[in-house]
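I opened my notebook to look at how the parts of this model meet. Here is what I looked up, entry by entry.

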Amino acid sequence: MKAFAALFTEIEQTTKTNAKVDALVRYFASAEEQDILWCVSILIGKTLKRNIKTTDLKMWAAELAALPFWLFEESYHIVGDLAETITLVLPEPDTEKDYGLSETINFLQLIATYTEEQKKEAIIERWAHMQYAERFVFNKLITGNFRMGVSKQLIIKALAIHFSKEESLIAHKLMGQWNPWEISLDELLLDESVTAKGYQPYPFFLAYQLENPPETLGDISEWQIEEKLDGIRGQIIVRDKTLFVWSRGEELMTDKFPEFAALKDILPDGTVLDGEVIPWKEGKPLPFAIMQTRIGRKSITSKTLQAAPLVMVCYDLLESEGEDIRQKPLSYRRAALEKLLAEVGTDANLVLSLKLQCEDWEAVSMVRDKARNGNYEGVMLKRLDSVYETGRRRGNWWKWKVDPLTVDGVLIYAQQGHGRRANLFTDYTFAVWDNDVLVPFAKAYSGLTDKEILEVDNWIKKHTIDKFGPVRSVETALVFELAFEGINHSGRHKSGVALRFPRILRWRKDKTPAEANTKQDLLQLINAQDS
Amino acid sequence: MLRFDDKGIYCEQADIYIDPWKPVDKALITHAHSDHAYAGNKAYLCHKDSVALLRLRLGADINVEGIDYGQTVYINGVKISFHPAGHIIGSAQIRLEYNGEIWVVSGDYKLQHDDVSVPFESVKCHHFITESTFGLPIYKFPAPEVVHADINQWWEKNASEGKNSVIIGYALGKSQRIIQHLDENIGNIYTHGAVDNINNTLIQNGIHLKETTRVTPELSKKDFNGAIIVAPPSAVGSPWLNRFGPFSLGVCSGWMQLRGARRRRSADRGFILSDHCDWQQLNEAIKLSGAENVYVTHGYKTVFAKWLRESCGLNASEVDTLYENDEEALAEPLPAENNDENNQ
């Protein structure tokens, strides 16, 4: 695992993407085939099953480091990462051994069959044989959630360079589920007959938020304009009379959405639809809160099915009668999509995405402004002659989300962050006035610049009133403007409201706490939205 | 004999304060960092190597007296002496003895040798006041020679790739330590004005430092080819750095031990180099002091005091001080305006 750990270190020590790609290419050139497969699998975010309990790991590490358990916990709290904490506290290794990456993964899978005592012995033995970097990587493999500072796009780029293939082909081949033990590099990446894997989705084409006024996009007649819906982006695939529903996160969700089960007999073989899975009633989307009652639920009862009925609002057709039509213009794909959905009929839980008829950009802007009342997020702008690209790209597709709602809140609690923000107070709780009492209404973690974070951190350390475990309450002084996408009543929060996607917009140094918003202001926002 | 009040650490018998943060009549200063040596005191007593540094930072007209390590002075019956703390040049632990009771105020200190300051010497006492900046078992600093070798290797690699190297460390202490271990065979060593001011003051007072060149507007871009530039944290992100491009940025600090801190810095490299104690050094120093009473100041004081009480059987308590602005004790130093190093 020395080579993999060295790759990790090299990537961590640079902020330049080219240097990262170079390091990956060099690793691919020298590593064993099985290790490359596992490396790619881990780096694109596939997780291993956890076979060791977190508490056990903590106890073994504390014991080896001769630390009381509470001190280990305190340390973990400061570091913010369990794998790193363990790595830091363990005593120096005695003799070094180099275990391969796939050998290590095999070991971590096999350990599931061990008794507790055997597990402890085996892990401790490995720890004793590894230096800092390998230990850290090893612990990361155990605890899962391996983030290395390389995006999937960079892995794809490095693989494309190493194997002299197109990036789009590599991107496609990596989609979906594959098991590094059961596949060869040849089969995974190099076999160009892409339909070999019938369940495989296409890489999603994603849009950036519009950066310039829409007028800069030119003649509106060259654009297709649609509502931007707030559901789960997905692909519905029917090949060989079998249905697959994939989320954008490349999770296979076929079983979670029984609404689509009949499509395997309704849609022609060789069909791939791109669209938004969303709760829908009487021709309109329901609020996202209703979608949340479906996500994360293991068993789906008929009651949930009734309360949150799902459809896919389809906006693109990627494969038609077994043919990949992504390189045809959007206007062509749209026409094929319209024809297909007309044949399928209205009972299939497939809805055609509405093309908005707008005379000019001014009209588009007005549709966008009304988004919040209509339970959509804004508008999508797609060039009619655009091909279906892979990944997030500028130019031919744009999302133009509605401006967020904002409110001024007072900082009342702070907690230290994790990962990149470990050791700094970066997790804040904000309050609004309810008469003369401050009631917490939102937590936010992001939005400040690094410099502001340091400044606020410094202020918090000097103006703490009280500590409750990791949480500090601070003096009533700092006001921040928060942005959020939506607001609803909530019985779970003291303030009686719940915000969607709250984040810090800016630090209002010009405002005193007395000038912050009130609970009444928040309730009025809900009323305005519901009316 | 000592107590902590709202001005600093007070000795009533001698009527003196140690490292006071509010003006007093007589201040004993452990070292010249700004959070231990505040302006406005009527009289200062410090180690002789700190005298010029205090004048540089607090004003040439201050009333300051310097004494050597091990030299003894009596103030109203209190026997006072200064002992090497190994933190920076002129840093001292202050020992106070009265009626057979001995206290040591260690200020900031480290047990690692830096080859610039006089190494830490343990002083036996009954009461020991210690900082706890890195008082958690996650802080285990690598051997300095390994870190210095890494720095030189990084510099050499940058030079071979046509990049200059900018290395960040506090102007007083860390910078001199970095400079003393740079390998001049790799290239020229340049310094930021704030670093050069400190270096000149030290050289004028008989401290031997490696030859360096101050960065001035007359120098042209090609002068910096393959060079290393030593600069304080305030330089990070400032336009002052532009003239050195393309460059790789390295940061030297104990905080670089944690991955989160390394990634937060948009530095290319973080080197774990600290003038404070890590966990093991703190524990060793306390053990060597033989003190049964330990007062824990700035840092992870709650946790560290609890550890000393529960696992080491010591009578330890945490103490609030204003030594939180230590140039390194700050989790991360603020850029530019809040940093007194910015006098370029």
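This is a predicted model: local features need pLDDT of at least 70, side-chain atom pairs count only at pLDDT 80 or more; totals for chains, interfaces and linings use all residues.

**Entry 1: a salt bridge between chains.** Before looking, I noted the rule: a salt bridge is a side-chain nitrogen of Lys or Arg within 4 Å of a carboxyl oxygen of Asp or Glu. With that in hand I looked up K16(A) and D268(B), whose side chains meet in a salt bridge at 3.3 Å, N to O.

**Entry 2: the rest of the chain A and chain B interface.** How many salt bridges does the rule find across the interface of chain A and chain B? I wrote down 2. For residue pairs in polar contact, both at pLDDT 80 or more, the rule finds 7 across this interface. I then asked which elements of chain A give two or more residues to the side touching chain B, and found helix 1 (2-12), helix 5 (69-79), helix 6 (82-89), helix 9 (132-143) and helix 18 (450-462). Helix 18 of chain A gives the most, with 8 residues. By class, this side of chain A has 17 nonpolar, 8 polar and 15 charged residues. In contact terms, 40 residues of chain A touch 32 residues of chain B. The buried area between the two chains is about 2900 Å², with 56% of it from carbon and sulfur atoms.

**Entry 3: inside chain A.** I looked up the domain assignment, which gives chain A domain 1 (2-143), domain 2 (205-401) and domain 3 (405-530). I picked domain 2 and domain 3 of chain A, whose centres, taken over C-alpha atoms, are 34 Å apart. Here 5 residues of domain 2 are in contact with 6 residues of domain 3. Together these two domains of chain A bury about 540 Å², and carbon and sulfur atoms give 37% of that. Which three residues supply more than any other three of the area that domain 2 buries against domain 3? They are F288(A), R372(A) and N373(A), with 68%.

The rule finds 1 salt bridge across this domain interface. I also noted that the side chains of R500(A) and D230(A) meet in a salt bridge, 2.9 Å from N to O. The side of domain 2 that touches domain 3 has 1 nonpolar, 2 polar and 2 charged residues.

**Entry 4: confidence.** The model scores ipTM 0.90 and pTM 0.76. Chain B has a mean pLDDT of 90, and 93% of its residues reach 70 or more. I marked residues 325-344 of chain B, where pLDDT stays under 50. For that stretch of chain B the model has 75 contacts beyond four places in sequence.

How values were computed
Residues are numbered from 1 along each chain as its sequence is written. Chains are lettered from A and ligands numbered from 1 in the order in which they are written. Side-chain values use heavy atoms; hydrogens and water are left out. pLDDT is the predictor's confidence in each residue, from 0 to 100. Contact means heavy atoms within 4.5 Å. Domain bounds come from an automatic or database domain assignment. Buried area is the accessible area (1.4 Å probe) that two parts lose on being put together, summed over both. Ala, Val, Leu, Ile, Met, Phe, Trp, Tyr, Cys and Pro count as nonpolar, Asp, Glu, Lys and Arg as charged, and the others, Gly among them, as polar. A polar contact is a pair of N or O atoms within 3.5 Å; within protein, one must be able to donate a hydrogen and the other to accept it, and residues adjacent in sequence count only if both atoms are side-chain atoms. Helices (H or I, at least four residues) and strands (E, at least two) are DSSP runs, numbered from the N terminus.
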